[in-house]
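I opened this model to note what its coordinates show. My entries follow the order in which I looked things up.

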Amino acid sequence: MPRTHAAPSVALVGLDARAAALVRESVDASLTLHAPLAYGDALAVLRKQRPGAVIVSLDSDPDAALVLGQALSGEFGGLTLVGLAARSDTARLRVAMRAGFRDVVVLPDDAASLRKLLASAQPLAQDSHAGTVVACWGGKGGVGTTFLTVQLAAEMSPVHRTCLLDFDFSMGDVAAFLDLAAPGGRTGAPTMSDLLRNADRLDERLLASLVTHHASRIHAVPQPSALDQREDPTDDAIARVLAAASGAYQYVLVDCGSRLDGATLTTAAVADRLMLVTTPDVPSVRNTWRRLQLLERAEVDLGRVHVVLNAWDPKVGGVGPADIALHLKRPVEAVIPYDRAVLRSVNEGKLLRTLDPRSPAAQAIAASVSVVTGAEVPAAPVASGRPLAWLFGGTRGEGS
Ligand SMILES: Nc1ncnc2c1ncn2[C@@H]1O[C@H](COP(=O)(O)OP(=O)(O)OP(=O)(O)O)[C@@H](O)[C@H]1O
Ligand SMILES: [Mg+2]
């Protein structure tokens, strides 16, 4: 997806004369600003105009602005899409980011940020389609989120340009799973901290210099090995990293760990697919349910959310796929068995598909790729079993 640095033009959508004048006063005088378009006409005109950036009013018709944002970001990966609003707050920013906006600016206060955003805009390549961002999020710590994110990335990487981002800012350990030598510091490989420090000017070329190439063809950005080198990212930096990665790769797999923080919530807002990983135990399933509730309240489209059960051993039992489907009211779209080969793979820092491709977990992971790509997945049967009301806030006496 080669891009040039010729000055791109800037399109305006839904702006009245006052707002357009405010934009004109705020941006670099050398930029070409097109005349404002109506929301309804914008998509057809922009397909021909191919600007590098589009500024859309979020106030004139908020619904039309969000629909247009989704259409533009879906069709033109790498487009600098900016929302213009009279006021901004975190909830509004997330809704806009979910629709594909890179940022929301309030003028004239954010004039400097707008200039920066437009300075990084690049003309659209003819084939610029945004890659698919797939976020993996654990119902709780230790459920196998990193293991699954890494193995799924390895399933994609032989045929697709695949990037693996470590967004577990507490104790991310993608580096260990890929056996990458101590990233960070003066001599180590680049890390997520380097990416975040450069978030404002991150383009495809800079991103390419900050990824580590693994033998599997995964391009990974790990967390630094030294815990004190970790950055506390802003939502904006996270959104920029995701936008840059999805502009450059066909698949971006993100290990979100299990925390509820700005990084994971922003990722949940913008990801194309969100895999919630649970193990067959009550706390993990219950916390997956709580996460689903949170996502629903945050107006995340639950159609993008997919539940994965990891480390399931029918001989041992626990809360199985059918019970989980019953209580989460959604299918379990992948079941990865408990498998001793996993521990070996983790301890040796080798991919399971390399170490033991015939192991049950490796085979189940290979079969689960459809959850990443979005191909039709047969739903696991919903149980007719007894309700486990105590899982979701009741007591253990209920439903037994
Ligand atoms: N399918 C499986 N079968 C057997 N063991 C597994 C399986 N999946 C994960 N494990 C084990 O669980 C451990 C934790 O895995 P992993 O580090 O991927 O979890 P996590 O959810 O990322 O944890 P953290 O919260 O620390 O980030 C690993 O050491 C691995 O051996
Ligand atoms: Mg982890």
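These notes go from the overall fold to the sheets, the cores, the ligand and a few single residues.

**Entry 1: overview**

I note at the start that this is a predicted model. I counted secondary structure and got 17 helices and 12 strands. I then looked at burial. Of the 400 residues in the protein, 55% are buried. Among contacts with a separation of 6 or more, 76% join residues 24 or more positions apart.

**Entry 2: the open sheet**

I traced a sheet of 4 strands. The sheet is open, its order is S1-S2-S3-S4, and the pairing is parallel. Which strands sit at the edges? They are strand S1 (10–13) and strand S4 (103–105), each of which pairs on one side only. From one strand to the next, the twist averages 25°.

I then took the pair in the middle of that order. Strand S2 (residues 53–57) runs parallel to strand S3 (residues 80–84), with 5 bridges between them. One position I looked up is Ser57, which stands opposite Leu84 in S3. Helix H3 (residues 62–75) packs on this sheet and touches S1, S2 and S3. The direction of H3 makes about 165° with that of S2.

**Entry 3: strand S9**

I moved on to strand S9 (251–255). How many of its residues are buried? I found 5 of 5, so I logged S9 as mostly covered by the under-20% cut-off for relative accessible area. Both faces are covered. Tyr251, Leu253 and Asp255 lie on one side, and Val252 and Val254 lie on the other.

I looked up the pairing partners of S9. Strand S5 (132–138) runs parallel to S9, and 5 bridges join the two. There, Val134 has Leu253 as its bridge partner. Strand S6 (residues 162–166) also pairs with S9 in the parallel sense, over 5 bridges. In that pair, Cys163 is bridged to Val252.

**Entry 4: helix H11**

I listed the buried residues of helix H11 (residues 262–270). They are Ala263, Thr264, Thr266, Thr267, Ala268 and Ala269. What covers them? The cover includes helix H4 (90–98), S5, H10, S9, strand S10 (273–278) and H12.

**Entry 5: nonpolar cores**

I searched for nonpolar cores. The largest has 48 residues. Those with the most contacts inside this core are Leu165, Phe167, Leu195, Val254 and Leu295. Helix H10 (residues 235–248) gives the most to this core, with 7 residues.

I followed up on Leu195. Leaving aside neighbours within four places in sequence, Leu195 is in contact with Leu165, Leu202, Leu207, Leu210, Val221 and Val241. A second core is separate and has 36 residues, including Cys136, Ala153, Leu164 and Tyr251. As background, nonpolar side chains tend to be buried together in soluble globular proteins.

**Entry 6: ligand 1**

I checked the surroundings of ligand 1. There are 17 residues around the ligand, and the closest are Gly142, Gly144, Thr146, Phe147 and Asn310.

Next I went through polar atom distances. A backbone N or O atom of Gly144 is 2.9 Å from an oxygen atom of ligand 1. A polar backbone atom of Thr145 lies 3.0 Å from an oxygen atom of the ligand. Asn310 uses its side chain: a polar atom there is 2.9 Å from a nitrogen atom of ligand 1.

**Entry 7: His219**

I picked His219, which lies in strand S8 (residues 218–221). Which side chain does the side chain of His219 make a polar contact with? The partner is Tyr249, at 2.7 Å. Neighbours within four places aside, His219 is in contact with Thr162, Cys163, Leu164, Val211, Thr212, His213 and Tyr249.

Pro283 lies in helix H12 (residues 282–297). Is Pro283 buried or partly exposed? Its relative accessibility is 45%, so Pro283 counts as partly exposed.

Ala367 lies in helix H16 (residues 360–367). Ala367 counts as exposed because its relative accessibility is 60%, and the cut-off for exposed is over 50%. Its C-alpha atom is separated by 9.6 Å from that of Glu155, 212 residues apart along the chain.

Technical notes. Residues numbered from 1 in each chain as written. Chains lettered and ligands numbered in written order. Predicted model: local features only at pLDDT ≥ 70, side-chain atom pairs only at ≥ 80, totals over all residues. Heavy atoms only, no water. Pairing = 2+ DSSP bridges. Axes fitted to C-alpha atoms, helices over the stretch in contact; angles between N-to-C directions. Contact = heavy atoms within 4.5 Å. Core = buried A, V, L, I, M, F, W, Y, C linked by side-chain atoms within 4.5 Å. Buried < 20%, exposed > 50% of the residue type's maximum accessible area, 1.4 Å probe, protein only. Near = heavy atom within 4 Å. Polar contact = N/O pair within 3.5 Å; in protein donor to acceptor, adjacent residues only side chain to side chain.
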